[in-house]
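Hello,

Here is the structure I promised to pass on to you. My notes on what turned up in it follow below.

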Amino acid sequence: MHASDRHAATLTDLIARLQGPAGTGEALKAISESCEAARATGLGRDVGAMEALDAATASLDPILRESALAAVSGDLRRYLRILDMLDNVLDLASLDGINQIYWSMQRQLFLMRMDMATVPDFVTDHLFAFYERFLRQIALRLGLTPAARPAGMPDTGRVVIVTNQFLSAEHQPSRDLLLLAVRLQRDLGRTVLVLNTNMMPDRYYSPFVPPFAAALEERLSGEQTVRCGGERIRMLSSTAPGITAEKLGGFLSAVEAFDPDMAIAFGGSVIVSDLLECARPLMCIPTTSGRIVSLADIVLDFGGHAPPAGNGRLARSWRPSRFGLSLRRSGDTATRAEFSLPDSAFVCVVVGNRLDAEADGAFLGLLGRILDAVPRALVLFAGGVETLPGRLAMDGHAGRLRSLGHVDRMEALMSVCDLFVNPRRTGGGAGAAQAMAGGVPVLSFDGGDVASVAGPSFLVTDDAAFVARAAALAGDPVLLEEARQEARARFAAVEREGADNTQLSAYMAEAAGLFAARR
């Protein structure tokens, strides 16, 4: 079938989906699948097809329409239109609906599904400004006025850490948050309160595609004491859905009662911490190399060592420091037989929690080129998946592409692998760190968390170099051993950088000074 014929069939299906029901999560998921199929065929680059799609969907809900066409094309100008529409009704629209749209956009940016070249300043000049206006609406409509500490009051030695989502010890950012709390209490002598706000949407409030709803840990509600690293950490959580005065007012009242010297936003777009920007010194510690949105006085880097573009607030608040990743290091090892792997195989591994999306057709095609170049190679996929196993079963290299699903013994798995292979994505930094700690070299393109953790020695520029590097490591035991040693050394350097308590304390003091200067 010619490309034009494939585009015609895909276009017809997509138009029918968009003109059909869109009022349920299942309907939105079906539309999203059709959008992804259109994207995969290259329909978004077909000017005629996109013009036909534009014309056929002109009468549809504008949020549905613009988000769907953005999903197909990656064109951020579609998102600008959505922001303009929301600005026109910002004082009237549902706060939960706006929040849904905002986080759905952020999700697409995180997954690297959008073409940043279409609007290079989208985050710094457009999304960030919209987020500020959204926060003002939340405060105004819900009557939220955080109480500021009187100037000149002595320090209390208390710090509040605010996160959008704390789940469990299985969740890497949650483990990293606990590591921060332990360091603040044990090493810096602070008393910590964690606010688990669950402010990302946990259900669908808008017809935006693809829809996004965050996971929620129902048992984490109210007040808990979490034990970690010999420390007892107090946590307040709310699993109540939506953006309500009771929920946000409760968190702000808890901050006022705790009376911290400063607040730390753990992650980007942490609504409750950013509402405190006028009342307390605020620092932000990102959990990814993705573009961070925060009103904090100080926003740490994730290791990329490059500030946001321009001279705006995000660029001024940026500081070149990486916070450490918490790894499970028990010394657990395994034999290849435990994972049903031949001793002679060159074992590549792909690790992640979003492999259904990240291990797309292009990446599987790239892995196929490696398998063709290295006959003894095979590829393992570690992480929870739904659709990936079916796609692997239909691949021409099916017998050499193995999905393991969720793996508890990740350190043991790394002990039997030769190469950590990274898709084009934002996340994956913790998986790469775990691999390097075990002496498994990384193969990645530039950009994203893995590239940030791995450093330039493990990066390649294009697909041909990607395949050539894998083949070289598979064919030269001396080169592979050198890469293993370099991986361990790189991990040690990253670990030292992330564990610098003196630097962390200095940035906290700087944030306090900046707050005092602007109050």
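Lining the second largest cavity are Arg183, Leu300, Ser321, Arg322, Phe323, Glu497, Gly498, Asp500, Gln503, Leu504 and Tyr507. A cavity here is a set of points, on a 1 Å grid over the protein atoms alone, where a 1.4 Å probe fits but cannot get out, and lining residues have an atom within 4 Å of a point. This is a predicted model, in which local features need pLDDT of at least 70 and side-chain atom pairs count only at pLDDT 80 or more, while totals for chains, interfaces and linings use all residues. Residues are numbered from 1 along each chain as its sequence is written, and side-chain values use heavy atoms, leaving out hydrogens and water.

The second largest cavity holds about 70 Å³ of space, the volume being the space filled by probe spheres set on the points, with grid points joined across faces, edges and corners. Helix 19 (477-498) and helix 20 (501-518) each give its lining at least two residues, and helix 20 has the largest share, with 3 residues. Helices (H or I, at least four residues) and strands (E, at least two) are DSSP runs, numbered from the N terminus. Sorted by class, this lining has 4 nonpolar, 3 polar and 4 charged residues; Ala, Val, Leu, Ile, Met, Phe, Trp, Tyr, Cys and Pro count as nonpolar, Asp, Glu, Lys and Arg as charged, and the others, Gly among them, as polar.

The structure holds 3 cavities of 30 Å³ or more.

Leaving aside residues up to four places away in sequence, its contacts include Asn198, Met199 and Met200, a contact being heavy atoms within 4.5 Å. The Asn164 side chain also reaches the backbone oxygen of Gly268 at 3.3 Å, and a polar atom of that side chain lies 3.2 Å from the backbone oxygen of Ser269.

Best wishes

How values were computed. On a 1 Å grid over the protein atoms alone, a cavity is a set of points where a 1.4 Å probe fits but cannot get out, and a pocket is an open set with protein on both sides within 12 Å along at least five of seven lines; lining residues have an atom within 4 Å of a point. A polar contact is a pair of N or O atoms within 3.5 Å; within protein, one must be able to donate a hydrogen and the other to accept it, and residues adjacent in sequence count only if both atoms are side-chain atoms.
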